[in-house]
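Work through the exercises below with the sequence and the model side by side, and try each task before you read its solution.

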Amino acid sequence: MADHELAISGGPGPIEDYALLSDLRTAALVSKTGSVDWLCLPRFDSPSCFARLLGDEQSGHWQIAPTGPVEHTHRRYRDTSLVLETEFHTADGSVRLIDSMPPHEKNMDDQPALVRVLEGVSGEVEVRLRWVIRFAYGDSVPWVRRTEAHGSECIIAVAGPHTVVLRGDRLPYRVAGERAHEAVFTIAAGQRLAWIMQWSTSYEAVAEPLDPMQETQDSEDFWREWAANIRYDGPHADAVHRSLATLKALTFAPTGGMVAAPTTSLPETLGGERNWDYRYCWLRDATFTLLALDNFGCSGEAVAWRNWLLRAVAGDPADVQIMYGIDGERHLIEWEADWLPGYQGAKPVRIGNAAYRQLQLDVYGEVMDALHLSRERGLGETPESWALQRGMMRHLETLWQQPDSGLWEVRGPDRHFTHSRVMVWVAFDRAVRAVEQHDLPGPVARWRELRDAVHAEVLAKGWNAELNSFTQYYGGTELDASTLLIPAVGFLPGDDERVVGTVRAIERELKNGDLVDRYSTDSGKSDVDGLHGREGSFLACSFWFVDALALSGRRNEAASMFDRLVALANDVGLLAEEYDAAHGRFTGNFPQAFSHLALVNSAAVLYGGRTRDARDRTDGLDA
Ligand SMILES: OC[C@H]1O[C@H](O[C@H]2O[C@H](CO)[C@@H](O)[C@H](O)[C@H]2O)[C@H](O)[C@@H](O)[C@@H]1O
């Protein structure tokens, strides 16, 4: 059976078969078979109207594809934009599907829309449009009627707070005995058909019609203009551009917050339970984001993110969380959508993320570093910033010795994770530097003392001489790829023998080919994370390995490993969180900001951008 037929009859295809659309408020995932299988409206973290990604046809989707066998499919984004073209080649001819979502950076009053245009390229091809609309993550079948609004025929679907209106050149009809709508038609070379689906609340008037062709053109223009700001023409420029556009696409324009991914519960282990909701903003990602955006000329986005960060952590420093909602909301209550079968059977589907209540000490280092970098990069001081940082430091002084859940957000018992302790050092170090280098007021003698104390502690307790490596946690013997960040944050130089030893140990224990696991999840090896199943290799860690190699003097190896990692991106340049080498498949949420952040930061390390520890360099990229 061809892929295409498989996708029509059942659940979602491989994660790598999806492409991203975004309007800077929410995102859609479109499969290689022309099916929009994931769309939450009106925001990234809203309930979905298409959730086939986590279930089957009945969870909602919108497919436009040839009825007959597809010989091959070719996809690309138009230039640097997020306007997606999917070409289906069949024995009868070829058609091109053009998908986009009008970006809403400026006019926030516009309601989200999904625009689909179909062009006949050659011959005459029979096409099926199938529209199955379900609100509330597939739990709610809306009332759907064909009617007239604003002078044209349309289909309106309403349930609870949501309305969507579908307009187009070939509106589908209800399929007898099914809660689905379909239209089957023929399209000849040179013909063009278009559809647009718009969202509004159910208590407002239905959205006014938009011109699909104009919207498509405007989307393309928006992204092209945006990409014109990117300053990078080194190796793998396409991958760097696509990663930056993806990071921008994951940004919620009204607040500047960036979601870790637009999806929930794409499994880290195929068929397993490691399924999390990533439609939130993690403070940890702050420094990586700031560096990535600012390094390549996207300073406006870097400032917006910095400002989001300052607003999110404002208030009593004792209340600082490790993650927030996209507006800065605090309560991300985790629950399970038990009616959804999960991505290819991986249950549970989780909405919300209980990690928001965890203590993860590294975020203090991340926030201090991000604000320090933004000061160094001249992103403009805000009056609140230093007062807030001092408050955070006061709080950190009271809890820095506690065990925590670490950056991997383990669900097992808290520990003294080496990476968390290193990041505590970063927090005190950046506080000291703010006083020393930027003349800001603060108890610098005490901070220096604490900085030196935690440095000595990490070297004494996080280092295992027998293994010749830093370990995952104090006194343990497991390794952890987060210790690859030690030179990147300036805790030790890249050529320090302990860094070199750690790189070698991780190479031996956690690296398979070019892929690096964050820690071992082999059965019986470790129960640190409190979860079952072996997960894929973590793509961000693989890029961190590249950075550590480069910083420890193995630059050529680093560059060729980077070449191979970049090649793991799918046909439209996107990366998931993890890669399952055994099955050659993406796993985890998709596309994931962390992976794309790591890719662009490796490009910076290798090809002349400013790195995290090269704090005094103020020159441009082409150094
Ligand atoms: O697999 C365990 C954890 O996975 C998620 O966290 C991961 O994603 C975060 C966002 O990019 C990243 O900051 C973190 O370091 C990663 O471990 C999930 O959100 C957690 O709830 C889960 O325990």
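**Exercise 1.** Find which residues have the most contacts inside the largest nonpolar core.

*Solution.* The largest nonpolar core has 193 residues, and those with the most contacts inside it are Val259 and Val367. Such a core is a set of buried Ala, Val, Leu, Ile, Met, Phe, Trp, Tyr and Cys residues joined through C-beta atoms within 7 Å, where buried means that 20 or more other C-beta atoms lie within 10 Å of a residue's own, exposed means 12 or fewer, and partly exposed lies in between, with C-beta atoms placed from the backbone. Helix H11 (residues 539-551) gives the most to this core, with 11 residues; helices here are DSSP runs (H or I) of at least four residues, and strands (E) of at least two, numbered from the N terminus.

This is a predicted model, in which local features need pLDDT of at least 70 and side-chain atom pairs count only at pLDDT 80 or more, while totals for chains, interfaces and linings use all residues. Residues are numbered from 1 along each chain as its sequence is written.

**Exercise 2.** Determine where the buried residues of helix H2 lie around its axis.

*Solution.* Begin with the buried residues of H2, which are Pro212, Glu215, Thr216, Ser219, Phe222, Trp223 and Trp226. Seen down the axis, these fall within an arc of 125 degrees (taken from the directions from the helix axis to the C-beta atoms), so they line one face of the helix. The face of H2 turned away from its buried side carries the exposed residues Gln214 and Glu225.
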